[in-house]
Amino acid sequence: MDESSQSERSLVHKYGKHKKKYKIEAQKVKELRKQSERSQLLLQEEGGFLEADANEHCYQISQKEIVQSLDITAATKHFELNLEFGPYSVNYFRNGRQLLLGGERGHVAAIDWVTKDLLCEFNAMESVHDICWLHMPTMFAVAQKDWVHVYDNQGTEVHCLKKLFRVKKLTFLPYHFLLVSASENAMLSWTDVSIGKIIASFRPPKAKTITAMCQNPANAVILTAHSNGTVSMFTPNSNEPVVKMLCSPCSITGVAVNDTGLYMATTGVDRSIKIWDVRNYQCLQSYKLRAIPNCLCFSQKNLLSVGIGNVVEVYKDCCTQVAEEPYIRHKLESSMISNVQFCNYEDVLGIGHRNGFVSILVPGSGEPNFDAYESNPFMTKSQRREMEVKQLLEKIQPELISLDPHHLAKVDVKTLKQKLEEKSKLLYVKPRKIEFESSKKMSGVKKAKVKKDLQESVNREHIQQVMKMKRKEDEKEKDANKSYNVLDRFKRK
Amino acid sequence: MRVKVISRNPSDYLRETKHDIHKVQRNYDPKLHPFAIPREYQRALNAVKLEKIFAKPFLGSLDGHSDVVQCLMKHPSSLSVLVSGAADGEIKIWNIAKRRCLKTITAHSGIVNGLCPSRGNDYFFSIGDGATIKQWKYASTSEEIRMVYEDDNDSDASEEETENDDNTPLNTIIGKSVMMGIDHHWEKPIMITCGESVQLWEESRSEPLQSLEWGVDTVYKVKFNPVETDLCVSAGSDRSLILYDIKMSKPLRKVIMALRSNSVCWNPMEAFNFTAASEDHDLYTFDMRKLSVPLQVHKDHVSAVIDVDYSPTGKEFVSGSYDKTIRIFPVDKGRSREVYHTKRMQRLTSVIWSYDSKYVLCGSDEMDIRIWKANASEKIGPRMFREEAAFRYQEKLKEKFSHHPEIGRISRHRHVPKHIRHSQQEKRAMLESRKRKEANRRAHSKPGTVPYKQERTKHIVTEEE
């Protein structure tokens, strides 16, 4: 008998009253699992891969070689843009179709990178620190010199959020419709873009400079990395971090969490990359590099890309095992890398650097089969509109953001500790204070006396009750410890 | 070197022409569907709010009677036919779908006390004038037959009420004692009447077959069991519920309650259970094999419950009360699921649940018959496949998250008129003070002398055999 059926059996035994109901539910779950497994047969695409020859390493294979051995449509996914307003920050939309580029010296461009159509391009005429797509590829936010501006896909300015002042980092929580911004002075703000209201805005107490920010895609908690080597996790519901962990003895340069919310990677000024388990906050792997890494990113298939100076390295299976060597290495010609991001549902890594943007091929990095109801790269205008309505209808309330996104489905059971605490609390309850007001007229002295007597009687009663309870408890313990030795009757009572 | 990257052919993912449906790729991997639980919760919240928005249960009224509607009767085979009897002796036959009176019979000179259909035959019986049973046809001429049974008749002539009122019954039986209620056997041509005594009649004979008595003044209601067809249950003025077997000469057993019951109804699916509508504002569901303890006490009405009728599914029943409301109770729950009221609806006299389990009809003091949906927010009419699936999904979500406070609060909330609310408060205060008094008595008397009593057994006096 396998373990699961054994545990099922013990449950049935324990809750005999709901036996039948439980059995039916368990059967349903089993069937569902089977069905969902069978549905995998219908998946159309298979993932990419890269295998080196016997006397070769994967990281030695250059992009040129990869491109040469691919068909023409795949080969067009590797391209370079030489732009002069860098360094550039990169943001792919969730369905992996639209690309947003923001140059620090004001250049903003939105591109459908698959067809290479330019959606819009303009110069903001002031510094651009970060860019971010909002819920649909029709709107994006740009953190400019002073304020955050929202543009539509034509490049028209739709909003100017003046309450978000001197913002350096932006990220968007798509299921909550929240635009999260971190400003120069470590101020964090959550803005609901569906109603245009700031949900929460605070500067955490004793906050250090925020060097990097990212979201945990599994539970919508915001992670901020600080110059003192700590990583804090924030929800909009409290200005204290829900988790604060010391990840490095020196300043942290980048932080990233994978899609399932299991692994977190941090890079430090001490040239290290550390992989953490986000469930128990323990370090899984620690790597040392040749130079200081400045940005990093997880792909859908848990590949980790790191930008080190002018080199990008991609690691495979680096979370659970020790990765001996990089999977792919790509070197740019003397240009500092500022930002890397994997494209969803494609084997593509976007690199923003000082002199423009490069898109390189990383076989096996993306999820081959998308779910059209979740994010569809081929969505039409009408589908987009319908999806927008559906998304708005099931917008999750910001109060529900917490470390465990499944807590809504759990049974609220008191722990043994809580029960014990409640019990012990009962014994130390203070006697009730009585508010004395007499209908008759009394002199002050008499009134005080009557009041004192009443309070004393209440106290006495309370003490009696507590004593009674204590006695009961003691008796229970005695009963539990009773041994039935025949010689016990000679014991003195 | 071997290499492959994801490369999609757009024609696999896009529809060929504008007239095709969109191609939708699914991938059920939970990794691609984050926040499943919070999103489901939000959907459940939306579903429960939509349910409230669409809760419009009142469908229409049938007016035409010129006195209090005393009793209603479902046609045993046609869903659209309803028969009603009024206090001025008039019987009307209605087509519910068209909301139109098809035929009016001036049947009795006094109150029509009861109506019952003859199973499998095209006539029904009424009682009135003290002790007269009259047998009527639903439709006598071919014109009438068409009107009664054919719903989709568009000709204008057939929609007019027939003028030649046929007031002569097929048969008249004059009994010796006053009759208050009547019911027909589910298989045999036998009727049972109640009043001063419970009497068995054959359709074609003018003398009762049998008279059953157990020291009672008046019996108000008697009902045959739909499955064990020779059994019946009655509610009488001596606060008793009596079980009879018509094959035996004597009643089987009886239970005496604290207050009298106004009506009884058998559960059509679990036919060993029946529910009694009591004068003490509550309903009691009994298992006929053990009458000493009711299975469930159904509380929520704030005045005497007058009538009760089961849904054909046997899972729910509807009750009409003297407090001017109709409530729908699940059989296994102590509290009602739904309450219906309107400003103009007065004291209820009778309620029925239609045989397709979708509608509830009620007759009340102010001469109207009202039609309600059994499920307030249900969509009436044909449903598309996807619509149906969406409704089912919403139902499941509501069930899954029903214990969450916000969702529970919205789905439970019902607006009730001021007089109900006040009497609810009054009743609560009364019950609380009774409880307090009992607790005080218990605290100040010798331990064990004031026992705790179950709510279920509180209102049962004795069971006799």
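Trainee: What makes up chain B in terms of helices and strands?
Mentor: Chain B has 8 helices and 30 strands. Keep in mind that this is a predicted model. The C-alpha atoms of chain B fill a box of roughly 105 × 80 × 45 Å along the principal axes.

Trainee: How many of the residues of chain B count as buried?
Mentor: Chain B has 465 residues, and 38% of them count as buried. To be buried, a residue needs 20 or more other C-beta atoms within 10 Å of its own.

Trainee: What share of the contacts in chain B comes from residues 24 or more positions apart?
Mentor: That share is 49%, among contacts with a separation of 6 or more.

Trainee: How many residues of chain B are in contact with chain A?
Mentor: There are 30 in chain B, and they meet 49 residues of chain A. Contact here requires C-beta atoms within 7 Å.

Trainee: Which elements of chain B each supply at least two residues of that side?
Mentor: They are β1 (2–4), α1 (10–13) and α2 (36–54) of chain B. α2(B) gives the most, with 7 residues. By class, the side of chain B that touches chain A has 15 nonpolar, 7 polar and 8 charged residues.

Trainee: What makes β1 of chain A and β1(B) a pair?
Mentor: Pairing takes at least two bridges. β1 (residues 49–51) of chain A and β1(B) have 3 bridges, in the antiparallel sense.

Trainee: Why is α2(B) called roughly parallel to α6(B)?
Mentor: Look at the crossing angle. The axes of α2(B) and α6 (residues 405–412) of chain B cross at roughly 10° and come within 9 Å. Angles under 35 degrees count as roughly parallel. So α2(B) is roughly parallel to α6(B).

Trainee: Which residues meet there, in α2(B) and α6(B)?
Mentor: From α2(B) come Ala44(B), Leu45(B), Val48(B), Lys49(B), Glu51(B) and Lys52(B). From α6(B) come Glu406(B), Ile407(B), Ile410(B) and Ser411(B). The residues of this contact divide into 5 nonpolar, 1 polar and 4 charged.

Trainee: What makes β15 and β30 of chain B edge strands?
Mentor: Take the open sheet of 5 strands, in the order β15-β16-β17-β18-β30 (chain B), with antiparallel pairing. β15 (219–224) and β30 (460–464) of chain B each pair on one side only. Neighbouring strands of this sheet are turned by 15° against each other on average, direction ignored.

Trainee: How do you know that β15(B) and β16(B) pair?
Mentor: Count the bridges. β15(B) and β16 (residues 231–236) of chain B have 5, in the antiparallel sense. At least two are needed. So these strands pair. Here Lys221(B) stands opposite Ala235(B) in β16(B).

Trainee: Why is one side of β19 and of β22 of chain B left without a neighbour in the sheet?
Mentor: This sheet is open, with 4 strands in the order β19-β20-β21-β22 (chain B) and antiparallel pairing. β19 (261–266) and β22 (296–298) of chain B stand at its edges; each has a single partner strand, so one side of each lacks a neighbour in the sheet. β21 (residues 283–287) of chain B joins β22(B) through 3 bridges and runs antiparallel to β22(B). Thr285(B) has Gln296(B) in β22(B) as its bridge partner.

Trainee: Which residues of chain B does the annotation "repeat: WD" cover?
Mentor: The unreviewed UniProt entry gives residues 62–104 and 298–339 of chain B. Residues 62–104 are 0% helix and 58% strand, with end C-alpha atoms 13 Å apart. Residues 298–339 are 0% helix and 48% strand, with end C-alpha atoms 13 Å apart.

Note on methods:
Residues are numbered from 1 along each chain as its sequence is written. Chains are lettered from A and ligands numbered from 1 in the order in which they are written. This is a predicted model: local features need pLDDT of at least 70, side-chain atom pairs count only at pLDDT 80 or more; totals for chains, interfaces and linings use all residues. Two residues are in contact if their C-beta atoms, placed from the backbone, lie within 7 Å. Ala, Val, Leu, Ile, Met, Phe, Trp, Tyr, Cys and Pro count as nonpolar, Asp, Glu, Lys and Arg as charged, and the others, Gly among them, as polar. A residue is buried if 20 or more other C-beta atoms lie within 10 Å of its own, exposed if 12 or fewer, and partly exposed in between; C-beta atoms are placed from the backbone. Axes are lines fitted to C-alpha atoms, for helices over the stretch in contact, and angles run from 0 to 180 degrees between N-to-C directions. Angles under 35 degrees count as roughly parallel, over 145 as roughly antiparallel, 65 to 115 as roughly perpendicular and the rest as oblique. UniProt positions are given in the numbering used here, feature names are shortened, and annotations may be inferred rather than shown by experiment.
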